[in-house]
Each structure stands twice: as structure tokens, then as C-alpha cells.
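Welcome, and please take a moment with the sequence and the 3D view below. A short tour by topic follows.

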Amino acid sequence: MQDIAVYDHLRSTDPDDDDAVYRVVGTRPESVTLLRVSDGDGRRANTGEVVTVSHETLSTFETVENPDGNRGLLGTVGSAVSGAYWSLRAGGPLMIAGVLMAVVGTLANVGLLALSPLAVNGLIFLGFGCILLSLVVG
């Protein structure tokens, strides 16, 4: 097998092995390091299993599609929601407060909440200020 690069996905063609998919996470002149990313049924697996195989052994592997690449719309939306959640968590309390103020201010701005124009503008301004500050500090 030639031209193996980091992030390629491989599966063993050996009938004694399961059908697990591995992601290439490192290459060296004498070996390739692989991370197991799916089980034998093609379902995503976070096993943390890392194996190093020689280039000779690599000849018993075939390239396959990324098991995360065929998640469809529901998987894409789920990933976006999960990413947004973890971004908020990583930003800390200042980020969360800023997002909440900006959302409440925006909802009031479109008429879904009854607030004065001064309160609406203040919430939006302070909200984005907190978000910006949390990005700069964090």
C-alpha cells in the first residue's frame, strides 16, 4: 500500500481480524500508527486503541471511507449542537452570560419579549461585550 497519509482510514483484509476501521494518526519510514475508530459493524467506537504496524503488515489493509463521513443530516445537526454546547462550556460563565444576554436582547428586539428599547440595546451590547471579553481572556 502506497501513499498512506495521516487521516486516511484503513481496514484489515485478514479474515482472522474483525472489520474494525482505523484512522492513520502517524507515519514513519518503518511503520504506521493507527487509531481504532469503529467496531466490526462499522459503528463509531471511542476505544482509544492505538496500534503500530509495519509497512509490510500494512499490505494486508485496504483503504475505506471515514465512518463519520456518512452521518447524514441528523448527525450533522447533532454535531453542530454538541459543538456549540462545548464551545459555551469552554468559554466559561462569562461566555454563557454573554450569550444569554444577547439572545434575550435579540428576542426582545424582534418583539417576542416586552422590553424597552434601552434595555434591548443594553442587553445586546453587554452580551456581545461579554462574549468578546471571554474570547480575549480565555
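Let's start at Tyr 7, which counts as partly exposed because its relative accessibility is 46%; buried means under 20% relative accessible area, exposed over 50%, and partly exposed in between, with a 1.4 Å probe and protein chains only. This is a predicted model, in which local features need pLDDT of at least 70, side-chain atom pairs count only at pLDDT 80 or more, and totals for chains, interfaces and linings use all residues. Residues are numbered from 1 along each chain as its sequence is written, and side-chain values use heavy atoms, with hydrogens and water left out.

**Tyr 7**

- Tyr 7 is found in the segment before β1; helices (H or I, at least four residues) and strands (E, at least two) are DSSP runs, numbered from the N terminus.
- Although Tyr 7 is not a glycine, it has a positive phi of about 85°.
- Most residues other than glycine have a negative phi.

**The chain as a whole**

- The chain has two helices and five strands, and its elements run β-β-β-β-β-α-α from the N terminus on.
- The chain is more spread out than a compact globule, because its radius of gyration is 24 Å, well over the 14 Å that the globule rule gives for 138 residues.
- That radius is taken over C-alpha atoms, and the globule rule is 2.2 Å times the number of residues to the power 0.38.
- The C-alpha trace spans about 70 × 30 × 25 Å along its principal axes.
- Of the 138 residues in the chain, 26% are buried.
- The accessible surface comes to about 9,100 Å², and 61% of it belongs to carbon and sulfur atoms; areas come from the Shrake-Rupley method with a 1.4 Å probe, and for residues only the protein chains shown count as cover.
- Among contacts with a separation of 6 or more, 39% are between residues 24 or more positions apart; contact means heavy atoms within 4.5 Å.

**How the strands pair**

- Strand β1 (residues 9-12) runs antiparallel to β2, and three bridges join them; two strands pair if DSSP finds at least two bridges between them.
- In this pairing, Leu 10 stands opposite Tyr 22 in β2, and Arg 11 stands opposite Val 21 in β2.
- β1 also pairs with strand β5 (residues 61-63) in the antiparallel sense, over three bridges.
- The bridge partner of Leu 10 in β5 is Thr 63.
- Five bridges link β2 and β3 in the antiparallel sense, and the two strands form a hairpin with three residues between them.
- Gly 26 stands opposite Thr 33 in β3.

**The nonpolar core**

- Which residues make up the largest nonpolar core? They are Ile 4, Leu 10, Ala 20, Tyr 22, Val 24, Val 32, Leu 34, Val 53, Leu 58 and Phe 61, 10 residues in all.
- β2 (21-27) and β3 (31-36) each supply at least two residues of this core.
- A nonpolar core is a set of buried Ala, Val, Leu, Ile, Met, Phe, Trp, Tyr and Cys residues joined through side-chain atoms within 4.5 Å.
- In soluble globular proteins, nonpolar side chains tend to be buried together.
- β2 is largely enclosed by the rest of the structure, because five of its seven residues are buried.
- Not counting residues up to four places away in sequence, Ala 20 touches Leu 10, Arg 11, Ser 12, Arg 36, Ser 38, Asp 39 and Gly 40.

- Ser 12 lies in strand β1 and counts as buried because its relative accessibility is 6%.
- The side chain of Ser 12 reaches the backbone nitrogen of Asp 14 at 3.1 Å.
- A polar contact is a pair of N or O atoms within 3.5 Å; within protein, one must be able to donate a hydrogen and the other to accept it, and residues adjacent in sequence count only if both atoms are side-chain atoms.
- Leaving aside neighbours within four places in sequence, Ser 12 is in contact with Asp 17, Ala 20, Thr 60 and Phe 61.
- Arg 36 lies in strand β3, and at 15% relative accessibility it counts as buried.
- A polar atom of the Arg 36 side chain lies 3.3 Å from the backbone oxygen of Ser 38.
- With neighbours within four places in sequence left aside, the contacts of Arg 36 include Asp 18, Ala 20 and Tyr 22.

**Between the helices**

- Val 110 is found in the loop between α1 (72-109) and α2 (117-137).
- Is Val 110 buried or exposed? At 58% relative accessibility, Val 110 counts as exposed.
- Val 110 and Val 120 are 10 residues apart in sequence, and 9.9 Å apart in space, C-alpha to C-alpha.
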